[in-house]
Amino acid sequence: MIKNNEFSKLFPDGTRLPLVDTIRDTLKVIDIKGLKEINKNIIKKVVENKVFENGTIDGLTVAAIDGTKFFGSNKKSCPECLRNKAHCFHSGAVMSIVGDSPKLVIDFENYKPGQDPVSKDEGEQNVAKRLLTDVVSVHKNLIHIVVYDALACNSIWINHCVKHDVDVIVRAKNNNNNSIREVKKRVNKSEAVEVWTDEKGFEKIEVYESEFTMDNVLWPLRFVKYAMKYPNKKRSQIMIATTCMNMQLKTLFRIIRACWDIENSIFNNLKKECGLEHCFVHGGKVVEAVLYLIFIASNIMQLFLFRRLRKQFSTQREIVRLLLKGLYLMKCKSEFVFYGT
């Protein structure tokens, strides 16, 4: 777009725009703390403007954590890369707001190579713990509940969340946790505590639950199983473990299903539309810089769609198309031009 002069009408005649190589070199030395501060202030302004005043799911502000791979390449690499034979890549844990609200990225944390132990790259759970600690210290009382996949169904993660006064909901799949295996057997032999026939997209949902204790966790936990039957007669189930002992079962169901928002609204959208998988450049702190720029742009776009346009446009792609159309049609009006100082 720079080469094709597609931004020319935004600037006064004679303005020389930087080349891509210049942008790339600048990213290698850019101040990461400054970019992090920008995103932090966006979230703080959102809180001040009471965007989450009514929560995101049934009055609660819910955040999800998930890991994903960034910027894989068989050619480019840097000392911070993770490696799988000849393939070099970066991975990170991302925390995003989920539910009925803008799907904002609160923050992210990248994996460190050669940490668990020195010969092995850092594990996702350690990265997620570091991320949660940082977010809770910066954005106090923002998050009521954090939801995570079955990787975090263990005492280490649950204790870490309780320590930071955040309730936790995790998927409980087949794993090596004895307490989970025992409570699953007990629940499978019990009667359903609720049966729903009014949930959209389902013919019937049977709900089973039990209280249990997990090794090395001082507090009782709640185990819930949702056995779902679809109109096409197919069946599936979702099992969770949670510290939310008194929460309504339908609210728990909405929260655990909303954890897909981070996969669909954040990762899939940004990888397909915003180059989250493309390897722009390696070296220095450039990966974190590119990620912050992408997430900042995504957050601003989400807020613009949610707060200003509301439901006038169905997709982010449509509003971007119209913005580009406006860029082509724009005349050089002083109120629209970025003049240097």
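This is a predicted model: local features need pLDDT of at least 70, side-chain atom pairs count only at pLDDT 80 or more; totals for chains, interfaces and linings use all residues.
**Entry 1: an aromatic pair**

Residues are numbered from 1 along each chain as its sequence is written, and side-chain values use heavy atoms, with hydrogens and water left out.

I then looked up the aromatic pairs and found that the structure holds 9. Rings of Phe, Tyr and Trp (its six-membered ring) pair if their centres lie within 6.5 Å; planes under 30 degrees apart count as stacked, over 60 as edge-to-face and the rest as tilted. The ring centres of Phe108 and Tyr292 are 4.6 Å apart and the planes stand at 55 degrees, so this pair is tilted. Phe108 belongs to strand β4 and Tyr292 to helix α8 (residues 286-309), so the pair ties together parts that are 184 residues apart in sequence. Helices (H or I, at least four residues) and strands (E, at least two) are DSSP runs, numbered from the N terminus.

I next noted Tyr148 and Trp157, whose aromatic pair is edge-to-face, with 5.2 Å centre to centre and 70 degrees between the planes. Both Tyr148 and Trp157 are buried. I also recorded one aromatic cluster formed by Trp196, Phe202, Tyr226, Tyr230 and Phe253.

**Entry 2: strand β4 and its partner**

I returned to the strand that carries Phe108. How many residues of strand β4 are buried? I found that 6 of the 6 residues of β4 (residues 105-110) are buried, so the strand is largely enclosed by the rest of the structure.

I looked up the pairing of β4 next; two strands pair if DSSP finds at least two bridges between them. Strand β3 (residues 87-98) is joined to β4 by 5 bridges, and the two run antiparallel. Opposite Phe108 in β4 stands Val94. The hairpin formed by β3 and β4 has 6 residues between the strands, and in its turn Gly99 has a positive phi of about 115 degrees.

**Entry 3: salt bridges**

I counted salt bridges as a side-chain nitrogen of Lys or Arg within 4 Å of a carboxyl oxygen of Asp or Glu. The structure holds 13 of them. One joins Lys36 to Asp107, with the closest N and O atoms 2.5 Å apart. Lys36 lies in helix α2 (residues 32-48) and Asp107 in strand β4, so this pair ties together parts that are 71 residues apart in sequence. I noted Lys36 as partly exposed, with a relative accessible area of 28%, whereas Asp107 is buried at 7% relative accessibility.

I then turned to Glu203, which meets Lys229 in a salt bridge (3.4 Å, N to O). Lys229 lies in strand β9 (residues 221-229) and Glu203 in the loop between β7 (194-196) and β8 (204-212), so the pair ties together parts that are 26 residues apart in sequence. Lys229 is buried at a relative accessible area of 16%, and Glu203 is partly exposed at 30%.

Glu203 also forms a salt bridge with Lys233, the closest N and O atoms being 3.0 Å apart. This pair links distant parts of the chain, since Lys233 is in the loop between β9 and β10 (235-242) and Glu203 in the loop between β7 and β8, 30 residues apart. Lys233 counts as exposed, at 52% relative accessibility. I also found that salt bridges that share partners join Lys36, Asp107 and Asp134 into one network.

**Entry 4: cysteines**

I searched for disulfides, taken as pairs of cysteine sulfur atoms within 2.5 Å. The count by this rule comes to 0.

**Entry 5: helix α7**

Which residues of helix α7 (residues 261-273) are buried? I listed Asp261, Ile262, Ile266, Phe267, Asn269 and Leu270. After α7 comes Gly275, whose phi is positive, near 70 degrees.

Technical notes:
Buried means under 20% relative accessible area, exposed over 50%, partly exposed in between (1.4 Å probe, protein chains only).
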